Amino acid sequence: MIVLKPAEMRAVDKAAIEAGFPGVMLMEIAGRAVADKVVKFIEPGSKVLIFIGKGNNGGDGLVAARYLDTEGYNVQLILLAGEDSLSDSSLMNYRLCKLRSINTLKIDTIGTDYQEVKNLLAACDIVIDAILGTGISGSIRGRAADLIELINNVDKKVLAVDIPSGISGENGSVLGKAVKATWTLTMAYPKPGLLLYPGRKYCGQIGVVDLTVPEKFVLNEGCSHYTLTCSEALDWLPTREKTGHKGSFGKITVIGGSPGMDGAPVLTGLAALKTGAGLVRLAIPGDTLSISSAYSPELITTPLTKSDNNEPDWNIISKVMADSDMIVAGPGFGRSKTSSEVIKKLISTYHKPLLIDADGLNVIDDIKLLKQRKETLILTPHPGEMARLLDEEIKVIQQDRIKIARQFAVDKQLYLVLKGAATIIALPDGKIYINTTGNEGMATAGSGDTLAGIIAGLLSQGLAPEKAVVLGVYLHGLAGDLAVQDTTSYSLMAGDLIDYIPAAIKKLIAGSGGELK
Ligand SMILES: NC(=O)C1=CN([C@@H]2O[C@H](COP(=O)(O)OP(=O)(O)OC[C@H]3O[C@@H](n4cnc5c(N)ncnc54)[C@H](O)[C@@H]3O)[C@@H](O)[C@H]2O)[C@H](O)CC1
Ligand SMILES: [K+]
């Protein structure tokens, strides 16, 4: 699904209006959808308190007020602007509200103790937040900040129109104060700020309203941000040929492991098998091999090093390279001379898809090598590994995850998965996917190893790299979301993620994955 930044949304809006879609009609569709959402949850007669800002976000709220009044709700408006400062479409709707005698409390009559607002908040059944939408600039100014705080201080259901007021649609930051919503109904397309933290925590359940503007207006204006929905994820899931054999579902080699880190490549291998890979081989340094190979009978193992001196055995490595459809390198590999030499060799001489994770990333000391590689390269760093690759501090990476990920992916022409809450996937053509599945329980040792395995499992079944990385991250998060229901976020472990891959796939097939609802 396309995701639009506020400025992109405005450009699409403008183009659609110029092409003949009346702005007032778009507002009508938006407000009608807001009213429908209220009708779905609360019965007629209930008290609906609607906060109206002076821009078009307020206009959407005024349309909703008209419909809810028509349908028998007890509607009360709180108008945060003078009538003369409302936009044309909003003013028209405000006048229609007045014609219906809808109760209105105006900002200039609200005392500085806000007692009347507090009373209305205490008595209402639901709050609609139509104070500010994508037109916000800078920190919340004026009395809007006080009203947002009052809304957050009562325990009421809150429906945010387009975006919770105070959240930046651009990047999800809180601009001073922001409404904490139960639901957010966003207009036309989700904005990055709804999907990125901290904004995402303020949105509650997100719904998208179809404003009936054809997608060609978006494509003409250009877009670069996306998020995968459940139905798209299902479309991308590789189909399994009835006559397929293990060769047709791909042979993966996982290169990694080191003393004390013998389980990491096993997690990667098992995750790949559970996702559907035909065959997984682990290539492990000799001193660790026997421990790793004892974990699971489904995994084939090969020694990566010579038995006499534990140096890389290049003959075996060449055979492994020739015999694999793709390689995952790095899980539990440690930062030894062996791992550094092997990773370098793979980057420059392995001509099939290569995924580098964990310590495989930590031993890359010359990032120019990445750029020189022509074949598919996927990197899956967490912020610490990304910081190391760029020789930056973690906080610099976290300040603008999308920009950093995109620059790296485009410059080095690779697929970059920057892990973390709302994992960012940057593609070599500059496209960005913001992932919506996953939870805090997944911040646990080995979780990244399973992600590498899931992506490899999809790629080895023939999925294009772009789809394998995006769907892999989605499925990994979905497995985590299903697991956490049983384990709680305290007890979730990486092995649980593997155990829940089948449930995640089933959920996709049933059409009920972590969809933006
Ligand atoms: N997506 C669509 O196609 C449609 C969206 N609609 C709704 O319109 C708003 C965007 O409307 P806009 O008038 O551009 O902006 P806002 O309503 O968010 O408010 C702008 C208004 O607020 C004042 N302001 C700006 N920054 C601050 C601040 N920091 N503190 C206080 N006040 C601030 C400023 O003076 C402006 O006047 C979108 O979100 C949708 O809800 C259409 O209705 C349908 C089509
Ligand atoms: K809002």
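I am working with a predicted model, where local features need pLDDT of at least 70, side-chain atom pairs count only at pLDDT 80 or more, and totals for chains, interfaces and linings use all residues. Residues are numbered from 1 along each chain as its sequence is written, while chains are lettered from A and ligands numbered from 1 in the order in which they are written.

I found the end C-alpha atoms of residues 9-219 to be 12 Å apart, with 43% helix and 17% strand in the span. Helices (H or I, at least four residues) and strands (E, at least two) are DSSP runs, numbered from the N terminus.

**Ligand 1.** I counted 31 residues around ligand 1, with Gly55, Asn56, Asn57, Gly133 and Gly135 the closest; a residue counts if its C-beta atom, placed from the backbone, lies within 6 Å. Helices H1 (6-19), H2 (23-41) and H3 (56-70) each give two or more residues to this shell. H3 has the largest share, five residues.

**Helix pair.** Next I checked H11 (residues 264-275) against H20 (residues 447-460): their axes, lines fitted to C-alpha atoms over the stretch in contact, come within 7 Å and cross at roughly 40°. That makes H11 oblique to H20, oblique being what is left after under 35 degrees (roughly parallel), over 145 (roughly antiparallel) and 65 to 115 (roughly perpendicular).

Note on methods
Axes are lines fitted to C-alpha atoms, for helices over the stretch in contact, and angles run from 0 to 180 degrees between N-to-C directions.
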